[in-house]
Amino acid sequence: MQLFMRVRIPGKGYFPCILCLCVLASTLLAQESHHLPAKANPPSQLTKAGTGRDNKPAVPVFKDIALEAGLTVSHLSSNEKRYVIESMSGGVGLFDCDNDGKLDIVMVNGSTVDRYRQGGDPLVTLWHQDADLKFTDITPKAGLTRKGWGMGVAVADFNNDGLLDLYVTGYGGNALYRNKGNCTFEDVTDKAGVRAGGFSTGAAWADYDRDGNVDLFVSRYVHVDIDHLPVFGSSKFCNFKGVPVQCGPWGMQGESDLLFHNKGDGTFEEVSKKAGVSDPNEYYGLGVTWGDYDNDGWPDLFVADDATPNYLYHNNHDGTFTDVGMVSGISLSGEGQAQGSMGVTWGDYDHSRRLSMFITEFADQPNTLYRNLGKSGFEDASFRAQLGQPSIPYVGWGTSFFDMDNDGWLDLFVANGHVYPQMDSVSGSAAYAEPMLLHRNNRDGTFAEVPTPAGLAAMPRRSRRGAAFGDIANNGNVDIFILNVGEPPSLLLNTNQNSNHRVLFKLEGTRSNRAAIGARVTIHAGGMTQFDEVHGGGSYLSQNDLRLHFGLGSADKMDSVQIRWPSGKVEELKDVAADEIYTLVEGQGIKDTKPLSSPGK
């Protein structure tokens with residue numbers, strides 16, 4: 001395999017560097033000998049009953065049920081991918097659009113240059129979940145009619161009426177759909193003032209000023225003039241591994257990012273410059289997500305930038321942010337290189353009680369695990385965690401930490417797929433269609449690659465993009481919905497049937513935003529402490545189930561459940577039984593309890 005990276009020379013752009021990756025690998029492997037994980041992995045949590053390395057359950061098997069479930073609408077894309085805009089779509093989402101307790105599915109449709117010039121395509125397809133894991137395409141009936149070139153999705157209840165609303169990013173303009181009930185929507189984009197424009201990609205909701213109204217951040221990628229597109233293979237920025245390819249992002253002008261502050265009256269104000277998150281450098285923004293990385297009770301913002309440094313914006317508690325990406329060690333790789341960052345996920349994979357960041361990257365670069373060291377910032381632990389090595393050949397996109405076997409430890413999934421179909425003709429290169437990666441948590445700061453026993457290695461290779469994670473069957477297993485470029489999607493049903501206990505929490509804010517975006521739940525069970533936060537957007541341009549899932553191992557109850565609401569209010573429940581779906585209401589405790597169905601059913 002030819003090892004290949006691009007490095008940035010100030011004032012000159014990005015150029016090939018075949019040696020950089022070799023230096024990166026050798027240096028990082030050398031560093032492993034003196035980077036010890038003990039402080040972040042409390043021994044007491046690594047040796048409790050039900051959590052030792054010798055009694056891990058079998059790897060769950062995933063089954064693609066998309067066809068039999070009725071998920072047959074194809075994503076739209078050209079075959080040759082002659083322009084960068086044709087390679088970046090798109091995102092998917094799991095959310096309950098009619099409050100019937102079952103997850104429905106949304107997928108961006110994509111488009112092509114020719115189709116867009118003729119008016120574009122409906123931005124999304126929406127499927128309603130019926131009985132027995134069957135889905136119905138309800139897009140026209142739902143009122144999701146705006147046309148364009150869909151890129152990504154994010155979900156929240158922006159007007160606090162108890163119904164989840166949908167935001168869709170796209171090239172040339174975005175869309176905000178207000179949920180009217182029963183999975184019908186009203187297009188309020190222009191009225192709300194959030195159409196944006198340019199090449200919008202990632203979107204993420206959070207109540208960054210804790211006023212009870214959820215706000216919206218939108219990342220943007222490169223400037224594209226649809227009537228004056230760069231010519232395929234026309235410059236040094238339009239060649240890869242010796243063959244002509246689409247131009248970009250290298251050599252193209254980037255676009256600034258946007259922050260829409262929710263005014264509480266159905267309208268938003270664009271405040272990115274005032275808040276300090278406008279990206280005056282015009283980096284190539286893709287995946288975005290909010291998370292309280294420093295445990296101060298306020299949501300911070302992470303932006304993954306393609307081929308340019310990432311941003312980590314620390315919340316100053318006054319409506320403004322400070323970019324601490326460089327000083328905290330999360331903007332660049334451990335070798336000081338800007339990488340091709342795409343998908344993002346926060347998670348406490350090592351039970352350190354801190355959120356670490358995992359990012360999917362471009363080909364010939366390792367996916368990056370930034371381990372949160374607390375006040376010391378982040379360290380690049382990719383190779384020590386054994387996540388970097390298997391990812392190097394591939395282009396990574398949708399991803400998330402999730403507990404696939406309910407053992408209480410977060411695993412990782414990565415959807416892969418090249419942007420250049422031309423790689424199929426390059427000897428030694430990963431092909432356009434690529435396999436998926438599934439990393440099992442070894443409970444010692446490392447991961448094992450397990451796609452074969454999980455059934456993923458036997459699935460057809462695709463060029464995949466967004467991935468959304470959630471419990472489709474309400475049985476306590478986390479499933480995965482994936483966009484396949486130019487093809488119908490995949491729905492990977494987690495058929496785990498082990499005896500481990502699990503729980504789901506649906507949160508409803510009262511003083512806080514109604515969907516409780518930004519809430520944190522911390523549980524103590526079986527001698528372990530776990531926590532997670534409600535995220536309105538993440539992965540690669542995608543939306544996960546807003547309900548929080550925890551695997552509990554052998555513990556049949558939780559000793560305590562602490563909820564830190566976005567308003568700052570903290571509540572605690574004691575002796576909470578496992579194997580239920582709980583609805584928790586701010587200030588009111590448990591509002592509703594429903595049993596999880598049998599595992600694997």
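Modeller: Asp292, Arg520, Glu533 and Arg564 are linked in a network of salt bridges, a salt bridge being a side-chain nitrogen of Lys or Arg within 4 Å of a carboxyl oxygen of Asp or Glu. The model is predicted, with pLDDT of at least 70 required for local features and 80 or more for side-chain atom pairs, while totals for chains, interfaces and linings use all residues. Numbering runs from 1 along each chain as its sequence is written, and side-chain values use heavy atoms, without hydrogens or water.

The domain assignment, which is automatic or taken from a database, gives domain 1 as 62-501 and domain 2 as 502-595. Between these two domains the count is 1 salt bridge. The polar count there is 30 residue pairs in polar contact, both residues at pLDDT 80 or more. A polar contact is a pair of N or O atoms within 3.5 Å; within protein, one atom must be able to donate a hydrogen and the other to accept it, and residues adjacent in sequence count only if both atoms are side-chain atoms. On the side of domain 1 that touches domain 2, the elements giving two or more residues are β4 (92-95), β9 (147-156), β13 (200-206), β19 (285-291), β23 (344-347), β27 (396-402) and β31 (464-470); strands are DSSP runs of E with at least two residues, numbered from the N terminus. The residues of that side divide into 28 nonpolar, 30 polar and 12 charged. Here Ala, Val, Leu, Ile, Met, Phe, Trp, Tyr, Cys and Pro count as nonpolar, Asp, Glu, Lys and Arg as charged, and the others, Gly among them, as polar.

Contact across the boundary (heavy atoms within 4.5 Å) involves 70 residues of domain 1 and 42 residues of domain 2. The area buried between the domains is about 4000 Å², of which carbon and sulfur atoms give 52%; buried area is the accessible area (1.4 Å probe) that two parts lose on being put together, summed over both. The C-alpha centres of domain 1 and domain 2 lie 23 Å apart.

Arg502 forms one with Asp579, the closest N and O atoms being 2.8 Å apart. Because Arg502 lies in strand β34 (residues 501-508) and Asp579 in the loop between β39 (570-577) and β40 (580-585), this pair ties together parts that are 77 residues apart in sequence. Arg502 counts as buried, at 5% relative accessibility; buried means under 20% relative accessible area, exposed over 50%, and partly exposed in between (1.4 Å probe, protein chains only).

Lys557 pairs with Asp575 in a salt bridge whose closest N and O atoms are 3.2 Å apart. Lys557 is in strand β38 (residues 557-564) and Asp575 in strand β39, 18 residues apart. Lys557 is partly exposed, with a relative accessible area of 36%, and Asp575 is exposed at 52%.

The salt bridge of Arg462 with Glu487 has its closest N and O atoms 3.3 Å apart. Arg462 sits in the loop between β30 (447-449) and β31, and Glu487 in the loop between β32 (479-484) and β33 (490-494), 25 residues apart. Arg462 counts as partly exposed at 24% relative accessibility, and Glu487 is partly exposed at 27%.

Key. Helices (H or I, at least four residues) and strands (E, at least two) are DSSP runs, numbered from the N terminus.
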